[in-house]
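Biologist: I'd like to learn how to read salt bridges in a structure. Could you walk me through it with this one?

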Amino acid sequence: MKGDRVEIVIDAGEGTRTYDITATRAGRRVEVSHGRGLVEVTETTRGGTAVRTARFMAGRVLALVEHPAPRPAREDDAGVTPLRGTA
């Protein structure tokens, strides 16, 4: 969904670098896959065509955080009941 975002923090040797991959248009999504020592973040269309791809060495990735786009509450969503405080 437009606004979905993945933030990747990598070790760049003398410090860290942060990269953001964002779904830039309506109907696009951001997918994360990993295997064989690589982490791959791809922005794809509804049909599954890759628009942008970022690849990182898995050993260098310090953090990978997915930030979903804010979605409006629906009328059938249950209310949230607060937890009781401990004594």
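Biologist: Which residues are linked in a network of salt bridges here?

Modeller: Keep in mind that this is a predicted model. The general idea is that side chains of opposite charge can pair when their charged atoms come close. In this case, the network links Arg28, Glu43 and Arg52.

Biologist: What are the N to O distances in that network?

Modeller: For glutamate 43 and arginine 28, the salt bridge spans 3.5 Å, N to O. Glutamate 43 also pairs with arginine 52, and there the closest N and O atoms are 2.9 Å apart.

Biologist: Is glutamate 43 buried or exposed?

Modeller: Buried: glutamate 43 has 1% relative accessibility, and arginine 28 is buried as well. Arginine 52, on the other hand, is partly exposed, with a relative accessible area of 35%.

Biologist: Which residue does glutamate 40 meet in a salt bridge?

Modeller: That's arginine 55, at 2.7 Å, N to O. Arginine 55 sits in strand E5 (residues 50-57) and glutamate 40 in strand E4, so this pair ties together parts that are 15 residues apart in sequence. Arginine 55 is exposed, with a relative accessible area of 56%, whereas glutamate 40 is partly exposed at 23%.

Biologist: And how many salt bridges are there by the rule used here?

Modeller: The count comes to five.

Conventions: Residues are numbered from 1 along each chain as its sequence is written. This is a predicted model: local features need pLDDT of at least 70, side-chain atom pairs count only at pLDDT 80 or more; totals for chains, interfaces and linings use all residues. Side-chain values use heavy atoms; hydrogens and water are left out. A salt bridge is a side-chain nitrogen of Lys or Arg within 4 Å of a carboxyl oxygen of Asp or Glu. Buried means under 20% relative accessible area, exposed over 50%, partly exposed in between (1.4 Å probe, protein chains only). Helices (H or I, at least four residues) and strands (E, at least two) are DSSP runs, numbered from the N terminus.
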